[in-house]
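Here are my notes for your first look at this one. Keep the viewer open and click through the residues as you read.

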Amino acid sequence: MTGSTAASFTADDYRARMERAARTAADAGLAGLLVAPGPDLVWLTGYTPPAVTERLTLLVLAAGQDPVLVVPALEAPDAHRAAGAAALTLRDWTDGKDPYAATAALLDASGRFGIRDNAWALHLLALQHAMPGSSYASLTEALPMLRAVKDVAELDLMAAAGAAADATFEEIRNVPFAGRPESGVAADLDRLLRRHGHEQVDFTIVASGPNGANPHHEAGERVIARGDMVVLDFGGLRDGYGSDTSRTVHVGEPTDEERRVHDIVREAQEAGFRAVRPGAACQDVDRAAREVVADAGYGEYFIHRTGHGIGVTTHEPPYMIEGEERPLVPGMCFSVEPGIYLPGRFGVRIEDIVTVTEDGGRRLNTTTRELVIVE
């Protein structure tokens, strides 16, 4: 059921991305971008190195220059097959040669460059040695919105990933919960996500009873019992694009308090969604959701940001949090996921991925946000 991300985008798509990234870097006062293996390299070129090794692989982007991918000679055949290879120049180097001198020859020796956050210190220090007058800033610091706005094809892939996660929830709500360890339900989530096309599963949180008060609880061997509230939070990558959804279910009939807390979170999630519109600040989404929880008297128990961006990774900028004044732009995708966490008792979280449209927002998760009863 999985497809190929490379097949979804052409060399022209990757060329446009690299040109836009180079222009954005120049507008930010950078001499260029240096992109090591990781999500940015895949997004910009369609190339995933066969292995992450100590050998230098680096995409060099600068406005007015053709993009160059520096690769070890033994990996050049794989790089030539990448979907974006036709949009760049490949420079291979052999063991025994100095790849840093070859890379420095492509760069302004006194320039300031944005560099991929996960670049090895080994490579950065060697480049600094080759260009003592150069300086560097992390891409997250320098260009946090590089991948934030998705095009139509990307939004289609995001929607497909969301639909696959929804299909997973529709099936998981019908499996037995009571009498099973959290890890068993988590394994079911992993299996179902993969059945519905995910090539990578990043997390399968199953947090029952008091464990639900820990937002990032890892599914363990606690046996789920009747009367438990259970937070389910799961997602990963389908055709290279992310899913992430949370629903809270109850094993058997809930108490009045449990229903009330769930209703508050559902109302907060709706308020956060309604705040999504072009030009609104990211913090407006957080404020809208948080106000509902605070007004209900549970403000101190909403202990995390309201949302995070998602795309070729499941967590990336922008972030829906107080103090983030960056405006929302059509094509941005992020989670809206308020929660209430009562220590030693239970937790509730409801999460959808939302994309900004021309006149508001659109949910990419559409399963019910009502409290679901499971057995």
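**Notes on the predicted model**

1. Who is E14's partner? Strand E13 (residues 339–342) pairs with E14 in the antiparallel sense, over four bridges.

2. The chain has a mean pLDDT of 95, and 98% of its residues reach 70 or more. Residues 1–7 are another matter: the pLDDT there is below 50, and the stretch has 16 contacts in the model beyond near neighbours in sequence. Where pLDDT is low, the predicted coordinates should not be read in detail.

3. Now the open sheet. In what order do its six strands run? The order is E4-E3-E2-E1-E5-E6, with mixed pairing. Strand E4 (89–93) and strand E6 (135–138) are the edges, each pairing on one side only. On average, neighbouring strands in this sheet are turned by 25° against each other, ignoring direction.

4. Strand E1 (residues 32–35) and strand E2 (residues 58–61) are antiparallel and share three bridges. Leu33 sits opposite Leu61 in E2. Helix H2 (residues 11–27) packs on the sheet and touches E1 and E2, with its direction at about 65° to that of E2. Helix H6 (residues 121–130) lies across E1, E2, strand E5 (112–115) and E6, and runs at about 155° to E6.

5. In soluble globular proteins, nonpolar side chains tend to be buried together.

6. Leaving out residues up to four places away in sequence, Leu61 touches Met18, Ala21, Ala22, Gly32, Leu33, Leu44 and Pro67.

7. On to charges. Side chains of opposite charge can pair when their charged atoms come close. The structure holds 30 salt bridges. One of them joins the side chains of Arg81 and Asp78, at 2.7 Å from N to O. Are these two residues buried or exposed? Arg81 is exposed, with a relative accessible area of 62%, while Asp78 counts as partly exposed at 30%.

8. Another salt bridge, between Glu171 and Arg195, has an N to O distance of 2.9 Å. This pair links distant parts of the chain: Glu171 is in helix H8 (residues 152–172) and Arg195 in helix H9 (residues 182–195), 24 residues apart. Both are partly exposed, Glu171 at 28% relative accessible area and Arg195 at 42%.

9. Asp239 forms a salt bridge with Arg238, their closest N and O atoms being 3.4 Å apart. Asp239 also has a positive phi of about 50°, although it is not a glycine. You'll find Asp239 in the loop between strand E8 (229–238) and strand E9 (241–251). Asp239 counts as buried because its relative accessible area is 8%, under the 20% cut-off. Arg238 is buried too, at 15%. Elsewhere, salt bridges that share partners join Arg247, Glu270, Arg274, Asp352, Arg363 and Arg369 into one network.

10. One last thing to look up: which peptide bond is cis, with omega near 5°? The bond from Pro317 to Pro318 is. Pro318 lies in strand E11 (residues 316–320).

Notes:
Residues are numbered from 1 along each chain as its sequence is written. This is a predicted model: local features need pLDDT of at least 70, side-chain atom pairs count only at pLDDT 80 or more; totals for chains, interfaces and linings use all residues. Side-chain values use heavy atoms; hydrogens and water are left out. pLDDT is the predictor's confidence in each residue, from 0 to 100. Contact means heavy atoms within 4.5 Å. A salt bridge is a side-chain nitrogen of Lys or Arg within 4 Å of a carboxyl oxygen of Asp or Glu. Buried means under 20% relative accessible area, exposed over 50%, partly exposed in between (1.4 Å probe, protein chains only). Helices (H or I, at least four residues) and strands (E, at least two) are DSSP runs, numbered from the N terminus. Two strands pair if DSSP finds at least two bridges between them. Axes are lines fitted to C-alpha atoms, for helices over the stretch in contact, and angles run from 0 to 180 degrees between N-to-C directions.
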